[in-house]
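Me: I have a structure open and want to learn how to read it. Can you take me through it feature by feature?

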Amino acid sequence: DAQETGKKFEAELGMKVTHYENMVYVDEETGYVEESVAKKTGKKVAKLSGTEFRRKLRAGEEIPEWFAFKSVVDILRKAGDSAFC
């Protein structure tokens with residue numbers, strides 16, 4: 001976990017790592033909430049893996065707006081596979 005690694009080397013790096021909880025998308029009405037809140041309240045979390053995101057990009061399929069802004073999707077599609085070097 002990146003946060004734990006950062007905490008381990010705080011003194012050496014001369015910085016303070018701020019802890020934050022993973023945010024997850026629930027639905028249009030609720031939006032994003034902390035993962036623990038979603039679990040505690042039994043909310044179904046929307047997910048899209050990086051692999052599925054790239055597949056959808058390449059296939060020209062719709063990318064949910066909760067995952068990426070349309071303007072970003074347009075730029076990534078225009079760049080093609082070179083955007084994922």
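Predicted model: local features only at pLDDT ≥ 70, side-chain atom pairs only at ≥ 80, totals over all residues.

Me: Let's start with the strands. In which sense do S1 and S2 pair, and over how many bridges?

Reply: Look at the direction of each strand, then at the bridges between them. Strand S1 covers residues 23-27 and strand S2 covers residues 31-34. They pair in the antiparallel sense, over four bridges.

Me: How many residues lie between S1 and S2 in the hairpin?

Reply: Three residues lie between them. For a landmark, find Asp-27, which stands opposite Gly-31 in S2.

Me: Now the aromatic rings. How many aromatic pairs does a search of the whole structure find?

Reply: The search finds four. One of them joins Tyr-25 and Tyr-32. Read two values for a ring pair: the distance between centres and the angle between planes. Here the centres are 5.2 Å apart and the planes are at 70°, an edge-to-face pair.

Me: Which residues do ring pairs link into a cluster?

Reply: Follow the pairs from ring to ring. The cluster contains Tyr-25, Tyr-32, Phe-53, Trp-66 and Phe-67.

Me: Next, the core. Which residues make up the largest nonpolar core?

Reply: Search for buried nonpolar residues whose side chains are joined. The largest such core here has seven members: Leu-48, Phe-53, Leu-57, Ile-63, Ala-68, Val-73 and Leu-76. H4 and H5 each supply at least two of its residues.

Me: Which residues does Val-73 contact, leaving aside its neighbours within four places in sequence?

Reply: With those neighbours set aside, Val-73 is in contact with Leu-57, Ile-63 and Ala-68.

Me: How far is the backbone oxygen of Tyr-20 from a polar atom of the side chain of Gln-3?

Reply: The distance is 2.9 Å. Tyr-20 is also among the contacts of Gln-3 once neighbours within four places in sequence are left out.

Me: Now charged residues. What lets two of them pair?

Reply: Opposite charges on side chains can pair when the charged atoms come close. The count here is five salt bridges. Arg-55 forms one with Glu-52, with the closest N and O atoms 2.8 Å apart.

Me: How do Arg-55 and Glu-52 sit in helix H4?

Reply: They are three residues apart in H4, so about one helical turn separates them. Arg-55 is partly exposed, with a relative accessible area of 36%. Glu-52 also counts as partly exposed, at 28%.

Me: Which side chains does Glu-61 meet in salt bridges?

Reply: One is Arg-55, at 2.9 Å from N to O. Another is Lys-56, at 3.6 Å. Glu-61 is partly exposed, with a relative accessible area of 30%. Lys-56 is at 18%, so it counts as buried. Shared partners join Glu-52, Arg-55, Lys-56 and Glu-61 into one network.

Me: One last stop. Where is Pro-64?

Reply: Pro-64 is in the loop between H4 and H5. At 21% relative accessibility, it counts as partly exposed. Its C-alpha atom is 13 Å from that of Gly-50, which is 14 residues away along the chain.

How values were computed:
Residues numbered from 1 in each chain as written. Heavy atoms only, no water. Pairing = 2+ DSSP bridges. Phe/Tyr/Trp six-rings, centres within 6.5 Å; stacked < 30°, edge-to-face > 60°. Core = buried A, V, L, I, M, F, W, Y, C linked by side-chain atoms within 4.5 Å. Buried < 20%, exposed > 50% of the residue type's maximum accessible area, 1.4 Å probe, protein only. Contact = heavy atoms within 4.5 Å. Polar contact = N/O pair within 3.5 Å; in protein donor to acceptor, adjacent residues only side chain to side chain. Salt bridge = Lys/Arg side-chain N within 4 Å of Asp/Glu carboxyl O.
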